[in-house]
Amino acid sequence: MSDSSTESAKPSISPEALAQIRVFQQGEVTEAEIYRRIAARTKDAQNRDVLSRISQEESYHAKRWQHYTGEEMRPEKRKVLFHTAIARIFGFTFAVKLMENGENNAKDAYEKLAVEVPEAMEIRADEIEHEQALLEMLDEERLSYVGSMVLGMNDAMVEMTGTLAGLTLAMQNTRLIALSGLITGIAATLSMASSEYLSSKSEGRSDALKSASYTGVAYLITVALLILPYLLFDEAHYLWALATMIVIVLLILVAFNYYLSVAQGLPFKKRFGQMAGISLGVAALSFVIGIAVKQFLGVDI
């Protein structure tokens, strides 16, 4: 068949619609490559198969868009590298759902394009039906222990923000506060991990040790981040250290709750508000207790 006959077979659409189709095609081509690379690095056979199938779905949709553009596109290297790096650091479930959230935001663009290209809504419906079904089949280990990580992180923030806030006014020396906080934090980490192990063991779970490890590691990392300001500021700037610690608490809550909102579809604002309210409330109360200890009990270090 000649080139002219091929050109005549292409639907006639406006330049604006064609530009939008190119955007969709580029996105499908790029995401197909991202899924392919993530699948290649996934050890679990079932997850690898699901990711490979999603990659094939994306390639199929790209071919459908190519029917309109007549162009063969290559994946965007920066996006491929970015999302594969995200998958290595935060897990493939987070990386995959982060991409899918971006597609969900394109609903208005699909509806506008459907005025000239009715097939657009068919392609979108196909993506939602097939790809979402495949996404539900993903089973990543780290997400199975989110409850253990939340337990460790949340408990560490409540205990350590309270402890450090109280010690700040009682001791007024960053080095003494850091030392006391570190000893308390390590002891609390071992206690929390042990409690999680015994609790899981009593429930007859075979993964008790792994669950305790996730809890302990989340607790210890949180402790280290909260104590860090007291090691960075000199001895006299204990209030600056306290303020920085509060900022770190908020940043941890934002990052972790955003992760959960993407990976598990949990509400961000509600969870963030609850956790921030508890942690900062305990810190404020402990700060007042620190003042009381210093002023009324005559304790001065």
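Q: What makes the lining of the largest pocket nonpolar, polar or charged, by class?
A: The lining has 15 nonpolar, two polar and one charged residues. Here Ala, Val, Leu, Ile, Met, Phe, Trp, Tyr, Cys and Pro count as nonpolar, Asp, Glu, Lys and Arg as charged, and the others, Gly among them, as polar. By the way, this is a predicted model: local features need pLDDT of at least 70 and side-chain atom pairs pLDDT 80 or more, while totals for chains, interfaces and linings use all residues. Residues are numbered from 1 along each chain as its sequence is written, and side-chain values use heavy atoms, leaving out hydrogens and water.

Q: Which helix gives the most to that lining?
A: H11 does, with seven residues. Helices are DSSP runs of H or I with at least four residues, and strands are E runs of at least two, numbered from the N terminus.

Q: How do you know that the chain has helices or strands?
A: Going by those runs, the count comes to 13 helices and zero strands.

Q: What share of the chain do buried residues make up?
A: Buried residues make up 43% of the 301 residues.

Methods. Buried means under 20% relative accessible area, exposed over 50%, partly exposed in between (1.4 Å probe, protein chains only).
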